[in-house]
Amino acid sequence: MWYLKLIVRNAFRHQLRTGLTVLGIVVAILAFGLLRTVVDAWYAGAEAASATRLVTRNAISLIFALPLTYQGRIRQIEGVKSVSHANWFGGVYITEKNFFPQFAVQAQSYFALYPEFIISPDEMREFMHDRRGAIVGRRLASIYGFKPGDQVTLRGTIFPGNWEFVVRGVYDGAEARTDTSQFFFHWEYLNETMRKISPRRSNSVGVYVIGLTSAGHAAAVTAAIDATFKNSLAETLTETEQAFQLGFVSMTEAIVVAIEIVSYLVIFIIMAVMANTMAMTARERSAEYATLKALGFGPLPLAAMIFGESLAIAAVGGLAGIALTFPAAERFAAEVGSLFPVFNVDSGTVMMQAAAALLIGAVAACLPALRAAQVRIADGLRHAG
Amino acid sequence: MPSSTESIVEIRNLVKSYRRGDQIVPVLSGITFDIAAGDYVALMGPSGSGKSTLLNMIAGIDKPDSGSLRVAGTDITALNESDLAAWRARNVGFIFQFYNLMPVLTAFENIELPLLLTDLSARERGEHVAAALAMMSLSDRSDHYPSELSGGQQQRVAIARAIITDPAILVADEPTGDLDRVSAAEILHLIERLNRELGKTVILVTHDPHAAGKARTVRHLEKGELSEA
């Protein structure tokens, strides 16, 4: 208790210096937390993927569609529990800036495959009865103020024309990592319209989503689906939902790596700043350390006091940085709109922030503690006065 | 007169030099002398004569190059760092020119500091500190930080800290060097009382003939060699 009192008083002895150091740590830990959250957000789709879902797409590229007729043949493969399909719509809501994912889905089978999308039975009923109905995620609804009954017009880019929808329900995520920034509508509405304006593009789907009877069947079913359509006009590429999502991440992997490097650099820089502060502090107090040694204190209590002081400063900065990460992440998520479907500060990030703060404190204290422990009393006393 | 003729400090052929770059600068050249228990010795000499170095070695905070140094019955040249630290805590009280108090601790806490190395309980430590504060007439300054005390008061706190563990030897390096005349006289009187009434062996390093005049024995150091006044 006595030593703790000495550590705390020493830590806040030079209030301006300590205040600025704490501020630096707060900013570094906050930046580290936000950057880690951005990286997590990048992988959020893959993280939220289910092990019992597969995605089948055109083997050449995602931009090529698959025939609707594949659905029945996929359903017959052993290990397949259900099959649904979806088309990326890619419409513009008012301006290009308002980006959010829109999918034309075979509603009944699709939502059955995604139990993590929680929709009230009444809203689902309304949606199923309205060919132009749409279901929007809670996050999307809060960003654009969508509510049931609202008319939403999307300007098609892949599918030409203005498309009118009526919001019929808002889904919530079963978990924090569930993407609630999506916009779903009936594939039948898309297909019927395309049949009128561009018949060659009707009866085609972007991807099939396949529900498995068990995750253990994934490899066999994947191989079976792709074998079924081998040498056809539209060969397929089937992969787990997670692999499918990671495929998108890999396209931008360099950015993710750059963000990760910057996040660690921030910690390294503040570590150097903190080490300098502690070294300066220890140098100024060499007479005090020499006095304590003259009084009979050994090198270990002196080193412990310096470590304690450094860790106390790092802990204050770290805790404040962690506390500020949550409102800052909320603000960041609001600013970037639906660019990141899931932007949550998870417990892993908080643990990493805490570990980084402790590492900063411990590393910064190493050299000053060693010097204080080794200071020759007679030399240290010459610095007094 | 010393209270006993038994030597508390026995120095034989003590040699000490410092390395300054490539040069070796001799500081003490084979000094031999004894200090009797309860004596009050003043070490005088010009700057660089080696008096502070000699004091530091007697107090166990510096080591000689050669020679023997027996203090309070222990050959302190044979002790390792940790044993020497424990020996200092038991046997030596330090009074420095610039007081060397911890600025973040109150007068009470500064005096209590050496007692943290003992087995005393917090209550017992408190009793000891209160008695030391009273002896130094500082009871009303107990909660004051060093920056809130005058130079004389700070030195009295430092003296209380030096005697709190009841060491046999007090070493004082220019204890009045940073004080005005009145405060210096008070401090010298206090040190004299500690020697006379409590039987502490006092070894004082000073430039001030007036301060040295309070000692029973005065030794002069010049160019690393000792002479008796």
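Trainee: What should I keep in mind about the model and its numbering?

Mentor: This is a predicted model, in which local features need pLDDT of at least 70 and side-chain atom pairs count only at pLDDT 80 or more, whereas totals for chains, interfaces and linings use all residues. Residues are numbered from 1 along each chain as its sequence is written, and chains are lettered from A and ligands numbered from 1 in the order in which they are written.

Trainee: What makes up domain 1 and domain 2 of chain A?

Mentor: The assignment, of an automatic or database kind, gives 2-44 + 253-381 as domain 1 and 60-234 as domain 2. Their C-alpha centres lie 47 Å apart.

Trainee: How many residues of the two domains of chain A are in contact?

Mentor: Seven residues of domain 1 are in contact with nine residues of domain 2, where contact requires C-beta atoms, placed from the backbone, to lie within 7 Å.

Trainee: Why are helix 2 and helix 11 of chain A called roughly antiparallel?

Mentor: The axes of helix 2 (residues 15-42) and helix 11 (residues 253-284) come within 9 Å and cross at roughly 165 degrees. These helices are DSSP runs (H or I, at least four residues), numbered from the N terminus, while strands are E runs of at least two. The axes are lines fitted to C-alpha atoms over the stretch in contact, with angles from 0 to 180 degrees between N-to-C directions. Angles over 145 degrees count as roughly antiparallel, under 35 as roughly parallel, 65 to 115 as roughly perpendicular and the rest as oblique, and the two helices are therefore roughly antiparallel.

Trainee: Which residues meet between helix 2 and helix 11 of chain A?

Mentor: In helix 2 they include Gly24(A), Ala28(A) and Trp42(A), and in helix 11 they include Val256(A), Ser263(A) and Met274(A).

Trainee: How many residues of chain B are in contact with chain A?

Mentor: 19 residues of chain B are in contact with 19 residues of chain A, and helix 2 (residues 81-91) of chain B gives the largest share of chain B's side, five residues.

Trainee: How do you know that strand 4 of chain A pairs with strand 3 and with strand 9?

Mentor: Pairing asks that DSSP find at least two bridges between two strands. Strand 3 (residues 80-88) and strand 4 (residues 102-105) have three bridges, in the antiparallel sense, and strand 4 and strand 9 (residues 183-186) have four, in the parallel sense. Ala104(A) is the bridge partner of Asn87(A), and Phe185(A) is the bridge partner of Ala104(A).
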